[in-house]
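Dear colleague,

I am handing over the structure below, and after it you will find a short account of what was found. Please read the two side by side.

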Amino acid sequence: AMLSSGVADAAHGMLRSVLFTCPLGVRTLCELLHAHFPHRRLPTPVHVHYMRHVLRVMSYERYVVPILIPHLIQQLLAIDAEASVPSAAAAAAAAAAQHSLHND
């Protein structure tokens, strides 16, 4: 579910306080963020929302950056690769359309 701005601000404030109080929580936070990356077939706004909050966490918790960046890049590349490979149905439809153009 998408968080409203006020709820997100409160959640980030609490997270910042928890990480300040317990710096070892960074490892657990990274594991949770890895585990809950949105599935690659979810709509783009879901990924944008997730990334916006992960980037916000990185802005105030620098220790997560070297752990999260490689994972985020890997996930985003997987989404991009899947998006750039046409589905079998789309490829068949394009081939049929091209075939009908050449045979008319």
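**How the helices pack**

Helices α3 and α4 are roughly antiparallel to each other, a term used for angles over 145 degrees, where helices are DSSP runs of H or I with at least four residues, numbered from the N terminus. This is a predicted model, in which local features need pLDDT of at least 70 and side-chain atom pairs count only at pLDDT 80 or more, while totals for chains, interfaces and linings use all residues. Residues are numbered from 1 along each chain as its sequence is written, and side-chain values use heavy atoms, leaving out hydrogens and water.

The angle between α3 (residues 44-60) and α4 (residues 65-84) is about 165 degrees, and their axes are 11 Å apart; axes are lines fitted to C-alpha atoms over the stretch in contact, and angles run from 0 to 180 degrees between N-to-C directions. In α3, the residues His 47, Tyr 50, Met 51, Val 54 and Met 58 meet Val 65, Leu 68, Ile 69, Leu 72, Leu 76 and Ile 79 of α4, contact meaning heavy atoms within 4.5 Å.

Helix α2 (residues 25-35) packs on α4 at an angle of about 10 degrees, with the axes 10 Å apart, which makes α2 roughly parallel to α4 (angles under 35 degrees).

His 47, which is found in helix α3, is buried, with a relative accessible area of 8% (buried means under 20%, with a 1.4 Å probe and protein chains only). A polar atom of the His 47 side chain lies 3.4 Å from the backbone oxygen of Pro 38.

Best wishes

Terms used
Helix = DSSP H or I, 4+ residues; strand = E, 2+ residues; numbered from the N terminus. Parallel < 35°, antiparallel > 145°, perpendicular 65-115°, else oblique. Buried < 20%, exposed > 50% of the residue type's maximum accessible area, 1.4 Å probe, protein only. Polar contact = N/O pair within 3.5 Å; in protein donor to acceptor, adjacent residues only side chain to side chain.
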